[in-house]
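Work through the exercises below with the structure in view. Try each task before reading its solution.

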Amino acid sequence: KLPMLNFYLSVDLVSIDKTSFFIAKPWKALCDYVFYIKIEYKNLSVLCESLRIDLDELPLISEQEIAQLNSYYRNQRVSRFLAGLMNAGSI
C-alpha cells in the first residue's frame, strides 16, 4: 500500500473528452514502483532497462522534487533510489 498522506503529490488531474482521471508525473510513478515492488534500485539503468523507459523522454528531477518525494514516502528503499539519482547527476 502506498502512503495515503499527500497521495496526490506529483499527480495531475487530466480531462479528455469529458472523462477525468488522475495520472502520476513520471518521477512519482517510478517512486511508486520502487516502493511497491520492493527491489533495490540505486540508479536508473536497471530500472529503465526492465521497464523499457526512454531516458530522453524522462524529465529532469529537481532537488526540491526529490525532497518532496523523500518526505512523502519515508521509505529507505525509495530514499536510496532518490539518492542514487542525485549522485548520478540526474537532476
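Buried means under 20% relative accessible area, exposed means over 50%, and partly exposed lies in between (1.4 Å probe, protein chains only). The model is predicted, so local features need pLDDT of at least 70 and side-chain atom pairs count only at pLDDT 80 or more, while totals for chains, interfaces and linings use all residues. Residues are numbered from 1 along each chain as its sequence is written, and side-chain values use heavy atoms, with hydrogens and water left out.

**Exercise 1. Sort aspartate 32 and lysine 28: buried or exposed?**

Step 1. Take aspartate 32. Its relative accessible area is 15%, so it is buried.
Step 2. Take lysine 28. Its relative accessibility is 1%, so lysine 28 is buried.
Step 3. Look at the contact. The two side chains, aspartate 32 and lysine 28, form a salt bridge at 3.0 Å, N to O. The term means a side-chain nitrogen of Lys or Arg within 4 Å of a carboxyl oxygen of Asp or Glu.
Step 4. Aspartate 32 and lysine 28 both sit in helix H1, four residues apart, about one turn of the helix. Helices (H or I, at least four residues) and strands (E, at least two) are DSSP runs, numbered from the N terminus.

**Exercise 2. Find which parts of the chain the salt bridge of aspartate 12 and lysine 25 links.**

Step 1. Check the contact. The side chains of aspartate 12 and lysine 25 meet at 4.0 Å, N to O.
Step 2. Aspartate 12 is in strand S1 (residues 11–16), and lysine 25 is in the loop between strand S2 (19–24) and helix H1 (26–37). They are 13 residues apart, and the pair links distant parts of the chain.
Step 3. Check the cover. Aspartate 12, at 34%, is partly exposed. Lysine 25, at 36%, is partly exposed.

**Exercise 3. Where do glutamate 40 and arginine 80 lie?**

Step 1. Start with the bridge. The side chains of glutamate 40 and arginine 80 meet in a salt bridge at 2.7 Å, N to O.
Step 2. Glutamate 40 lies in the loop between H1 and helix H2 (44–51), and arginine 80 lies in helix H4 (residues 76–87). The pair is 40 residues apart.
Step 3. Read the areas. Glutamate 40 has 39% relative accessible area and is partly exposed. Arginine 80 has 34% and is partly exposed.

**Exercise 4. How many salt bridges are there by this rule?**

Step 1. Apply the rule. The count is three salt bridges.
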